[in-house]
Amino acid sequence: MYGHRRYLRRMAASDDHSSDPAFAFIGGRLWLNFVNTDDARLGIRTDTIASFERFVDWLRSARVLDADRADALRRRGAEQPSGAAAALVEARRVRAALRSLAERGRTDQGERTKSVVLVEINRVLGRSVGTRRVEALPDGGFLRSFVPVGDLFGGLIIPVVESAVDSLVLGELPRIHQCADRRCPRYFVDLTRSHTRRWCDMRTCGNRAKALRWRGQS
Ligand SMILES: [Zn+2]
């Protein structure tokens with residue numbers, strides 16, 4: 001019990017999603033935040049998980065991993081660079097599939113996209129051997145975790161994939177939108193009651209649009 005409390009305190013200490021400015025947690029869903037790691041900065045497409053270490057940093061920032069497991073993964077990544085590289089390739093492959101789901105899941109080509117993405121999701125879920133847990137967080141939220149058995153690199157992407165499964169099961173795809181700024185590749189789930197969210201972030205894209213409108217009126 002003591003160990004568990006210590007674990008929760010550790011999670012609380014690192015709850016700040018804005019601690020790593022390279023990552024944007026604006027999607028409202030874990031899988032959309034992961035899709036958004038394929039980001040744009042100043043109009044230039046930028047992969048914010050450019051290395052295995054950055055992928056682990058993202059998983060840590062997204063609270064998918066606790067500090068101990070993140071450290072163990074960084075060590076193992078340094079010892080086994082080929083295994084780490086393969087895990088990153090796998091993560092990017094899943095990310096591309098999930099992006100297509102966000103992009104086209106609710107359009108005319110949605111049915112075909114969904115069937116392709118389901119194959120990918122089931123491929124990942126089918127290979128995973130481990131323990132699924134849910135942890136209560138001090139801020140009142142909950143965290144899904146997956147602790148793989150055996151291969152430390154295995155199953156890192158499982159909580160992300162399960163978050164996409166949740167959106168499919170809950171029928172959320174019609175509420176998923178790309179940012180209204182056409183240069184911005186970010187996706188989010190619109191949870192407003194009025195269905196009027198248009199921007200990934202009011203501090204960046206939304207603010208820019210407001211400034212442009214204001215200049216247009218003056
Ligand atoms: Zn945006």
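**Figure 1. Leu42 in the loop between strand 1 and strand 2.** In this predicted model, Leu42 counts as exposed because 6 C-beta neighbours lie inside 10 Å. The loop that holds Leu42 runs between strand 1 (38-41) and strand 2 (44-47). Phi of Leu42 is near 50°, a positive value in a residue other than glycine. Most residues other than glycine have a negative phi.

**Figure 2. Helix 3 and Arg63, the residue with positive phi that follows this helix.** Helix 3 (52-61) is mostly covered, with eight of its ten residues buried. These buried residues are Phe52, Phe55, Val56, Asp57, Trp58, Leu59, Arg60 and Ser61, and they pack against helix 4 and helix 5. Beyond the helix, Arg63 lies in the loop between helix 3 and helix 4 (67-79), where its phi is near 70°, again a positive value in a residue other than glycine. Arg63 is buried, because 20 other C-beta atoms lie within 10 Å, whereas Leu42, with 6 C-beta neighbours inside 10 Å, counts as exposed.

**Figure 3. The largest nonpolar core and the surroundings of Trp31.** The largest nonpolar core has 40 residues, and those with the most contacts inside it are Trp31, Phe55, Ala91 and Leu98. Two or more residues are given to this core by each of helix 2 (30-35), helix 3 (52-61), helix 5 (81-104), helix 6 (110-127), helix 7 (158-169) and strand 6 (187-189). Helix 5 provides the largest share of the core, nine residues. When residues up to four places away in sequence are not counted, Trp31 touches Leu98, Val160, Ser163, Ala164 and Ser167.

**Figure 4. Packing of helix 5 against helix 6.** The axes of helix 5 and helix 6 come within 9 Å and cross at roughly 150°, and the two helices are therefore roughly antiparallel to each other. Their crossing is left-handed. On the side of helix 5, the residues that meet helix 6 are Val94, Ala97, Ser100, Leu101 and Arg104; on the side of helix 6, the partners are Gly110, Thr113, Lys114, Val117, Glu120 and Val124.

**Figure 5. Packing of helix 6 against helix 7, with Arg127.** Helix 6 and helix 7 pack at an angle of about 135°, with their axes 10 Å apart. That angle makes helix 6 oblique to helix 7, and the crossing of the two helices is left-handed. Ile121, Val124 and Leu125 in helix 6 meet Ile158, Val161, Ala164 and Val165 in helix 7. Arg127, placed in helix 6, counts as exposed because it has 12 C-beta neighbours inside 10 Å. Arg127 and Ile158 are 31 residues apart in sequence, and their C-alpha atoms are 9.9 Å apart in space.

**Figure 6. Leu173 in the loop between helix 7 and strand 5.** Leu173 has its place in the loop between helix 7 and strand 5 (176-178). With 19 C-beta neighbours inside 10 Å, Leu173 counts as partly exposed, because a buried residue needs 20 or more other C-beta atoms within that distance. Leaving aside neighbours within four places in sequence, Leu173 is in contact with Gly105, Arg106 and Ser167. Leu173 and Thr107 are 66 residues apart in sequence and 9.7 Å apart in space, C-alpha to C-alpha.

Figure 7. The protein chain contains eight helices and six strands, which run from the N terminus on in the order α-α-β-β-α-α-α-α-β-β-α-β-β-α. Of its 218 residues, 27% count as buried, and among contacts between residues at least 6 apart in sequence, 56% join residues at least 24 apart. The mean pLDDT of the chain is 87, and 90% of its residues reach 70 or more. Over residues 6-16, however, pLDDT stays under 50, and the model has eleven contacts beyond four places in sequence for this stretch. Where pLDDT is low, the predicted coordinates should not be read in detail.

Note on methods
Residues are numbered from 1 along each chain as its sequence is written. This is a predicted model: local features need pLDDT of at least 70, side-chain atom pairs count only at pLDDT 80 or more; totals for chains, interfaces and linings use all residues. A nonpolar core is a set of buried Ala, Val, Leu, Ile, Met, Phe, Trp, Tyr and Cys residues joined through C-beta atoms within 7 Å. Helices (H or I, at least four residues) and strands (E, at least two) are DSSP runs, numbered from the N terminus. Two residues are in contact if their C-beta atoms, placed from the backbone, lie within 7 Å. pLDDT is the predictor's confidence in each residue, from 0 to 100. Axes are lines fitted to C-alpha atoms, for helices over the stretch in contact, and angles run from 0 to 180 degrees between N-to-C directions. Angles under 35 degrees count as roughly parallel, over 145 as roughly antiparallel, 65 to 115 as roughly perpendicular and the rest as oblique. A crossing is left-handed if the near helix is turned anticlockwise from the far one by less than a right angle, and right-handed if clockwise.
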